Amino acid sequence: MTIAIISLLSILFFMSVSASNDRSLLTLPSLLDDATSFEEGLSNSLYHKSCHDVEGVIFRKVMEWVKKDPSLAPSLIRLHFHDCVLRGCDASILLNHSGSERSADVSKSLRGFQVIDDIKAELEKKCPRTVSCADILTTAARDATVLAGGPFWSIPFGRKDGRISLAKEATNVPMGRESVTKLIELFESKGLNVLDLVVLSGAHTIGRSTCESVQHRLYNYKGTKKPDPSINPVYLNYLRKKCRSTSGNVFLDATTPKAFDIHYFRNLKKKMGLLSTDQSLYSDLRTKPFVNALFNESSLFFNQFSVSMVKLGNILDAKSQEKGEIRINCNRVNYRHV
């Protein structure tokens, strides 16, 4: 059985690699229903002449911040995901105004904005009006992964910065209580598949979540006045002690919380997934085989994480790209149409 699962994962891995190399297979739907892919406009060599060493500048800045605060590594990965899963990777999450995605209640725990601002300021001095905030955030998420001990992948550049950011759309980001069906539907709407869902969930191998996100599992699960039966009893006691207050934080991976590894998947087999959406990956027959295949295969996880992150970073919304710009300041658009 294990060999069969690994063989299945290997086949899907090579299919994903092929898809990531064949841009005709990655035409992604627009949030606004006029589906057009702008991915063919992305290029690994875009900044070679216009902003030499752009990746070096970004990496050094991310390393500087992560050295001071290692918790920023998972925060940058999460910030990138929140950006891409709404209007595509257009840095709309960075816009800081009333009614923006960033201002929404569901975005209140997001961090890493100051890192992107610092990188942007440095690049504006070096190459004014050249490197988009969307490209910066995408690259910073990759570099944060590497600095946390995860894999490296190449990033094509050319994303435009979107001019629209709506708080009401931020509620479409998974918050940890959704069903696997809802998660699969969301991922498929962005051109991602079930394998991508499981593998990208593996980013929870590092980082923290708010206790507020898990409280419903600890005492009154679905109105039963009892804890979620899918939680390991020992882990339940740990969480109750750790999360006496909803304002606290708790590690997503209780085993190796600061290491980018496969213990996240091993924890699911032990009923130690923190969020409902984590643990349900092991109870749902559509996702469980992939968890089983990954929990002992570090190389498969690292390889597929790279592929899935490339796919995530290449989600582009047609209108955001068509009407996008290169922001001078990542917190606001350059100008507003009258």
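1. This is a predicted model. C243 has a relative accessibility of 0% and therefore counts as buried. Its disulfide partner is C211, with an S to S distance of 2.1 Å. C211 is likewise buried, at a relative accessible area of 0%. The torsion about this S-S bond is about -70 degrees, so the link is left-handed.

2. The count of disulfides comes to 4. With the bonded cysteines numbered in sequence order, they pair as 1-4, 2-3, 5-8, 6-7.

3. C51 and C127 form another of these links, with S to S at 2.0 Å. The link is right-handed, with 70 degrees about the S-S bond. C51 sits in the loop between α2 (47-50) and α3 (54-68), and C127 in the loop between α5 (113-126) and α6 (133-147), so the bond ties together parts 76 residues apart in sequence. Both C51 and C127 are buried.

4. C84 is joined to C89, again by a disulfide, with S to S at 2.0 Å. This link is right-handed, with 120 degrees about the S-S bond. C84 is buried at 0% relative accessible area, and C89 is buried at 0% as well.

5. The largest nonpolar core holds 74 residues, and V62, L94, I116, L123 and F305 have the most contacts inside it. Its largest share, 9 residues, comes from α4. Leaving aside residues up to four places away in sequence, F305 touches T145, P151, W153, V199, L200, A203 and F260. A second, separate core has 13 residues, among them L218, V250, L252 and M272.

6. The largest pocket contains about 1300 Å³ of space. It is lined by 46 residues, and R78, H204, R208, S209 and L252 are the closest to its centre. Elements that give two or more residues to this lining include α4 (72-87), α7 (180-189), α8 (194-201) and α14 (298-313). The largest share, 7 residues, is from α4. By class, the lining has 24 nonpolar, 13 polar and 9 charged residues.

7. What is the volume of the second largest pocket? About 240 Å³ of space lies there. Of its 14 lining residues, R177, Y221, K222, D228 and S276 lie nearest the centre. Two or more residues come from each of α9 (215-218) and α12, and α12 gives the most, with 4. The lining divides into 1 nonpolar, 8 polar and 5 charged residues.

Definitions and conventions. Residues numbered from 1 in each chain as written. Predicted model: local features only at pLDDT ≥ 70, side-chain atom pairs only at ≥ 80, totals over all residues. Heavy atoms only, no water. 1 Å grid on protein atoms, 1.4 Å probe; cavity = no way out; pocket = protein on both sides within 12 Å on 5 of 7 lines; lining within 4 Å. Points joined across faces, edges and corners; volume = space filled by probe spheres on them. Nonpolar A, V, L, I, M, F, W, Y, C, P; charged D, E, K, R; others polar. Core = buried A, V, L, I, M, F, W, Y, C linked by side-chain atoms within 4.5 Å. Buried < 20%, exposed > 50% of the residue type's maximum accessible area, 1.4 Å probe, protein only. Contact = heavy atoms within 4.5 Å. Disulfide = S-S within 2.5 Å.
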